[in-house]
Structures are given as C-alpha cells and as structure tokens.
Amino acid sequence: MSTNKIIPIGPYHPLQEEPEFFRLHVDGETVVDIDIEIGYNHRMIEKIAESKSYDQVTFLVERICGICSTSHPFAYTNAIDDLLGVTPPERALYIRTIVGELERIHSHLLWLGLAGHFLGYNTVWMWAWRYREPVLDIFERITGNRNHYAMFKPGGVRRDFYEEDFPWIKKTLKSLIPKFDMFKGAVLDDPIIRARTEGIGILTRQDVHDYSVVGPTARASGVGIDVRKDDPYAAYDKVEWKVITHEGGGVFAKAVVRILELYESTNIILQCLDNMPKGDIDLNIKDMPAGEGIGRHEAPRGEVFHYIMSDGGNSPAWHKVRAPSFMNIASNKKAVIGGTISDATIILAAVDPCYCCTERTAVVDYKTGKKLMDGQDLVRLSQEKTEKLRSKLKS
Amino acid sequence: MEEVSPVKIMLKHLFNFIIFPGFLFTAVVGLAASWIDRKVTARVQWRVGPPWYQPFIDLVKLSIKEITVPKGASKPVFFMAPFIGLSAVILSSTFLWLANLELGASGFTGDLIVILYLLTIPSIMLILGASASGNPLAAVGASREIKLLLAYELPFVFALVVPIIKSNGLLKLQDLIAFQAANGAFASNISGFLAMIVAIFCMQAKLGLVPFDMAEAETEIMAGVYIEYSGILLAILKLTKIMAMVALPLFLSTVFWGGFSIWKYVVLLVIIILMRNTNPRVRIDQALRFFWKKMTFVAIIAVLLAMIGM
C-alpha cells in the first residue's frame with residue numbers, strides 16, 4: 001500500500017520569490033500528483049485600468065511584472081495602435097524593438113541564474129546576474145531607469161535615443177557575447193548539469209498543443225511559435241533573425257533555447273541600431289474613437305495578449321490581459337508527475353513562471369468544487385461594501 | 001616509575017577533550033575554516049563576503065534564539081540528537097589531533113576503526129533528529145541522508161582498507177603516521193592515491209556540501225533535515241558540521257598523506273570549496289549510482305593494486 005505524503009511548495013518557499021502554492025503528492029521521492037494553486041497576489045489590474053486614462057494605463061500595465069516590465073506596455077500599445085488603426089513612426093518601432101529585445105536578454109539571464117540556484121549551483125546564479133548588470137546599465141543610459149523603463153506610449157515612444165550612445169551600447173552588447181559563449185559551454189558541456197536537466201519534465205508536441213503552451217516552453221518542444229515571426233509587429237519584419245527551437249522538450253532543451261535566444265536578441269538589437277531611421281518618435285494621439293483592438297507581443301516567457309475596448313471616452317471600457325505564464329503553469333501538471341521531488345523544483349522553474357502576471361480570482365466551494373462567485377459577483381460585493389461604508393459615514 | 005595520581009590523569013584528559021585539542025580548539029579552527037569557505041565562495045561569485053568573525057556571531061545569535069519544538073515531535077530524541085552528534089565529532093577530532101601532535105603516547109590499536117564509526121554518528125543523529133521532528137520535509141531529508149550514508153560508507157571503508165594493507169595491518173593512527181614517515185605517504189603510491197580520491201568524494205558527501213547536499217537542499221525541501229531545528233539546537237548542528245570540516249580533512253591527511261600539516265589542510269579545504277562552487281546538486285539516485293558504481297569500483301581497484309604491492 002502506498003502512503004502518499006504531501007510536500008508543499010509554497011505559499012512561501014525559497015524556490016520562488018512570489019507567493020504560489022504547489023501541493024506535491026509524493027510516494028517516497030516520486031511525485032504522483034500535483035495541485036497547482038495560484039491567486040495569492042491578485043491586484044485587480046484590469047479593473048484599475050478602467051479608471052485610468054489611456055496614457056496612465058501604460059504605466060499601470062508596466063507594473064504587472066517587474067521582470068518583463070516592457071512586455072505588457074508593448075502589447076498594450078500594440079492594442080491601442082490596432083484600435084486606432086495607425087502605425088507609429090518607423091523610428092519609434094525600432095526603439096520599441098530594441099527595448100523589447102534588451103528585456104529578453106536580461107530576463108533570460110535572470111532565469112539562467114535562478115535555474116542554477118535551484119540546482120544548487122550558486123556560482124552560475126551569481127555569474128549570470130553579474131552579466132545581467134551591463135544590460136541594466138544600457139537601460140539606464142537609454143531610458144533613465146534600470147527597471148520599469150516607461151518608454152512606451154500609445155502611438156510611439158516617450159524618449160528618443162541619442163546617436164552618440166550607439167557606439168557604447170554596441171560595445172557593451174558585443175562584450176556580452178563571450179559571456180554567453182561561456183554559459184553555453186557551461187550548460188552544454190557540464191556532465192552534471194546535463195544529468196540533472198536532460199530527460200526530465202518532458203513536454204511532447206502533443207502536450208504543447210493540448211495545454212496551449214507558449215514561448216520558449218513551446219519552442220523547446222520543437223513547436224516554432226513566435227508572435228514576432230507569425231504576426232510581425234514593430235521592426236521584427238525589418239531585421240534578419242530566426243526562431244530558435246529544440247526537439248528535446250525537457251528542462252535542458254528550455255535552457256538551450258533561452259541561451260540561444262540571447263544571441264538572436266543581441267543580433268536584432270545590433271541590426272536595429274545600424275538601420276534606425278531618423279524622424280519622429282510619436283504620433284501625438286489626442287482622441288480615442290470607440291472600438292476595440294488587440295495587441296500581442298512575444299514576451300521573454302511567451303505570447304502576452306492585451307484586449308482593449310473603448311467607448312470613445314478617456315479610459316478603456318474594458319481591458320483584458322493574458323500573460324504567458326497563465327498558459328505555461330498548467331503544463332506543470334504534465335511535466336512534473338512521474339519525476340522526483342528534486343526534479344519537480346527545476347521543472348516548476350523551467351517555464352520561467354511569473355505568478356503576479358497570472359493571478360485570477362474565483363470563489364469556489366472547497367468540497368463540491370462548485371463556483372460560488374465569479375468576477376462580476378466580486379465587483380458587486382465590493383460595491384455593496386462601499387455603499388455600506390458610505391451610509392455608515394453619513395449617519 | 002613515577003606515580004601519577006588518577007585525578008591528574010582525569011584532569012589532563014578533560015583538558016584534552018574540552019579545551020585543547022578537543023572541543024574549543026577544533027571549534028575555533030573550524031570557524032576559521034568556515035569563514036575561509038564563505039569568503040572564497042563569495043569571491044568566486046563576485047560578492048564581497050563576510051568579515052572574519054561572521055561564523056562566530058552567527059552561532060552566538062542562534063544560541064540566544066528561542067527553541068521551538070513542533071507538536072507531535074518525539075522530544076527526547078529531538079533534543080538529544082544534536083548533542084550526541086557534537087560529542088562524537090569532539091571525540092574523533094581529539095583522537096586525531098592527539099595522534100598528529102604526538103602529545104604523549106595516545107591512542108590504542110584499532111582507533112582507526114573507532115574513528116570511522118564516530119564519524120558516521122553525526123549523520124545518524126541528524127537522521128534521528130529529523131525523523132523525530134515529524135515534519136514531512138524533514139522526513140524526505142532524512143530518507144535522503146540515509147541513502148547517502150549507505151552510498152558513501154561502502155567506498156569509504158574500501159578506501160581505508162588500502163593503508164591498512166600497505167602497512168601490513170596497522171590499525172593505530174600513530175603507527176600509521178610513523179610508518180608513512182619511514183616509508184613515504186600512501187598517497188604517493190598509485191593505490192593510495194586512488195583511495196584518497198575516493199575518500200575525498202566521500203568526505204564531501206559526509207560534510208553534506210554541494211554536489212551532495214540533497215539532504216538539506218534549500219530550494220527543494222527547505223533545509224530538509226534541519227527544518228524544525230532552531231535556537232541553540234541548530235547552533236549545535238551547525239557547529240558539528242563546522243567541526244567535521246576540520247576532523248575529516250585531518251583524518252584523510254593522517255591516513256593517506258603522512259599526518260597533519262597546515263598546507264595539507266589548506267589543500268584539502270580548497271578542494272572542498274572548489275568542488276562545492278563548480279557543481280550543481282545531483283539527485284539522490286545519481287549520487288547513489290556515483291558512489292556504488294564508480295567510487296566503489298575505483299576503491300576496489302585500489303585495494304587490488306595495494307594487494308599486489310603497487
């Protein structure tokens with residue numbers, strides 16, 4: 001008879017910085033089942049967006065995630081441009097592309113370091129984060145901020161690049177390439193890293209389709225989906241680059257895809273810097289017609305999707321966000337079961353999860369699994385409470 | 001022959017065990033070694049690293065913290081385990097220092113085997129204490145520690161057989177040192193060298209450092225075996241580990257390398273630190289396979305080579 005124990009990972013666990021909860025049902029060391037529980041960090045971003053002006057929402061969505069803090073504004077401004085039916089000036093498109101790709105580099109380096117940490121390889125962690133610093137320095141030079149760059153606005157970008165910075169940016173980026181080579185060598189050649197990561201957490205092509213997995217998680221299973229290629233936006237169709245895929249499907253394949261994407265991103269940025277046209281950076285949009293628009297962006301973790309509905313007013317009538325981790329986290333159910341606890345931690349981390357992008361809320365009866373309240377009910381509840389407080393204050 | 005009063009002998013032994021070269025001395029050397037470990041690790045990782053007194057004030061801080069005992073824990077075992085583990089390390093390090101520093105005729109025939117046993121006691125006590133806490137994560141950690149213990153003890157014993165064969169059956173530490181002083185260190189032969197490499201890997205596993213730290217794997221099972229320990233009990237467990245970082249290299253240099261000297265200790269320490277900073281943590285099944293297949297195989301070859309006199 002097997003006696004299954006529960007190993008909790010979360011709500012607070014050294015594995016992840018954000019609150020989340022994985023309940024691993026284990027038999028000895030083998031994981032036989034997993035419950036995934038998210039929702040510890042819900043911030044009602046979509047609702048708040050309805051009370052902000054279109055320009056303010058750019059900053060709001062930037063704060064959905066600290067690591068991919070340009071992905072959400074990217075998708076949001078794409079959605080606004082789609083709603084307006086305009087294309088921002090060419091120079092703005094190039095600037096957007098550069099910021100987006102720089103973010104991919106720093107995000108992938110961050111993941112690489114964390115993956116090392118989860119494997120108990122703290123040297124890789126510290127080294128990866130050290131070589132992430134120059135990328136943040138570039139951000140500081142071109143946008144004024146190391147994180148939360150505030151570069152995007154509907155119809156363009158907020159700041160121009162200075163031509164005199166270009167040589168320094170190129171030099172810094174090129175100096176990173178030997179470091180990428182080092183990480184590539186460290187991951188591809190280290191026998192122990194291979195032993196720890198190869199053949200675990202496998203997602204097959206079928207799983208990728210079943211769970212609608214996106215981003216590097218899907219590309220590591222040989223599915224070459226990438227919004228930048230499939231539905232080009234910004235300057236992605238004006239530069240030469242290729243989609244990185246790997247057939248492995250496991251944690252190792254995900255690491256390889258991310259490391260190789262570092263080279264592609266550097267390549268894209270260098271081309272953009274060389275070919276950047278001169279001109280305006282902003283359309284100076286003043287009016288917002290009624291209508292709806294969607295925007296997509298290939299974030300470091302996969303496709304991020306924004307939907308905007310406008311009623312012609314000052315703020316969105318409806319704003320819907322779908323972050324890539326929302327698709328990817330569910331695939332853990334497939335990837336983790338059958339492995340050991342040691343494998344589970346790195347597999348859970350391999351999708352590069354970002355929980356605060358992902359939070360949804362619903363009230364469910366624990367015993368029957370029946371849904372008691374959905375978003376609408378919660379809004380009603382909130383309004384009722386406000387009314388109650390208001391009447392209390394009046395009396 | 002001069003008559004020595006039994007009280008005097010008692011006092012001398014107590015001094016040896018508690019102050020020099022037993023508990024206090026080993027603890028101070030161990031704290032210094034753990035500072036070197038932390039500092040070098042920090043420098044390798046582009047960090048600054050702690051000041052020299054950091055390991056010491058860590059212990060002081062821990063020892064004034066509250067002790068919490070989980071509900072449902074078996075209290076006697078939970079409390080006793082750290083103390084027994086510590087005393088085992090004190091005993092073994094006292095024996096080893098006395099044999100090396102040649103403070104009078106110390107030791108007895110077979111103390112090599114006694115020390116081999118004493119050095120496993122901290123791990124066993126850790127397993128007992130963790131299991132007594134009743135925490136599921138500690139149970140996972142304890143089961144990993146048991147598997148690890150089973151994995152490394154076999155090659156470790158095989159490796160220790162090599163010096164015994166080469167010295168024609170000497171089982172006393174001081175005799176082994178004297179034999180090596182006369183005939184050259186065992187590690188200078190091919191069989192002794194192989195045995196020492198095996199012993200170094202086993203030492204890393206005994207110390208519970210990366211790549212064999214799966215029993216406390218912070219990012220997997222949140223410190224595993226240590227999870228429920230707090231306050232002075234945790235301080236004692238940490239101190240045990242710190243002192244083992246002295247006792248084990250001392251043991252290896254005594255048995256394979258012709259006795260203790262500071263540079264030999266530093267070399268062994270550097271090997272430990274480098275191994276822990278250039279490797280990820282392996283899975284427990286991989287560790288088991290590594291020790292049983294590769295290390296035991298190498299150790300047996302070393303024994304065979306020793307038997308034919310190489």
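Q: In the hairpin of β7(A) and β8(A), which residue takes a positive phi?
A: That residue is A:Gly312, with a phi near 85°. The hairpin has 6 residues between its two strands. Please note that this is a predicted model.

Q: How many bridges join β7(A) to β8, and in which sense do they run?
A: The two strands run antiparallel and are joined by 5 bridges. Strand β8 of chain A covers residues 318-322. Within this pairing, A:His306 stands opposite A:Val321 in β8(A).

Q: What about β6(A) and β7(A): how many residues lie between them?
A: There are 2 residues between β6(A) and β7(A), which form a hairpin. Strand β6, residues 290-299 of chain A, pairs with β7(A) in the antiparallel sense over 10 bridges. A:His297 is found opposite A:Val304 in β7(A).

Q: Why is β7 of chain A described as largely enclosed?
A: Strand β7 (residues 302-311) of chain A has 8 of its 10 residues buried, so the rest of the structure largely encloses it.

Q: And chain A as a whole, what share of its residues is buried?
A: Of the 395 residues in chain A, 48% are buried.

Q: How many helices and strands does chain A have?
A: Chain A comes to 15 helices and 10 strands.

Q: What is its radius of gyration, and what would a compact globule have?
A: Chain A has a radius of gyration of 22 Å. A compact globule with 395 residues would have one near 21 Å, so the value for chain A agrees with that expectation. Taken along the principal axes, the C-alpha atoms of chain A fill a box of roughly 70 × 70 × 35 Å.

Q: What share of its contacts join residues at least 24 apart?
A: The share is 68%, counted among contacts in chain A between residues at least 6 apart in sequence.

Q: Let us change topic: in what order do the strands of the open sheet with β1 come?
A: The order is β1-β2-β3 in chain A, and these 3 strands pair in an antiparallel manner. β1 and β3 (30-37) of chain A each have a single partner strand and stand at the edges, so one side of each lacks a neighbour in the sheet. From one strand to the next, the twist averages 25°.

Q: How many bridges are there between β1(A) and β2?
A: There are 5 bridges, and the pairing of β1(A) with strand β2 (residues 21-27) of chain A is antiparallel. A:Pro8 stands opposite A:Arg23 in β2(A).

Q: Which strands does α14(A) lie across?
A: Helix α14(A) lies across β1, β2 and β3 of chain A. It runs at about 155° to β2(A).

Q: What are the ipTM and pTM of the model?
A: The model scores ipTM 0.73 and pTM 0.79.

Q: Where in chain B is confidence lowest, and where is it highest?
A: In chain B, confidence is lowest in helix α9 (residues 218-221), at a mean of 75, and highest in helix α3 (residues 54-63), at 91. The mean pLDDT of chain B is 86, with 98% of its residues reaching 70 or more.

Methods:
Residues are numbered from 1 along each chain as its sequence is written. Chains are lettered from A and ligands numbered from 1 in the order in which they are written. This is a predicted model: local features need pLDDT of at least 70, side-chain atom pairs count only at pLDDT 80 or more; totals for chains, interfaces and linings use all residues. pLDDT is the predictor's confidence in each residue, from 0 to 100. Helices (H or I, at least four residues) and strands (E, at least two) are DSSP runs, numbered from the N terminus. The radius of gyration is taken over C-alpha atoms; the globule rule is 2.2 Å times the number of residues to the power 0.38. A residue is buried if 20 or more other C-beta atoms lie within 10 Å of its own, exposed if 12 or fewer, and partly exposed in between; C-beta atoms are placed from the backbone. Two residues are in contact if their C-beta atoms, placed from the backbone, lie within 7 Å. Two strands pair if DSSP finds at least two bridges between them. Axes are lines fitted to C-alpha atoms, for helices over the stretch in contact, and angles run from 0 to 180 degrees between N-to-C directions.
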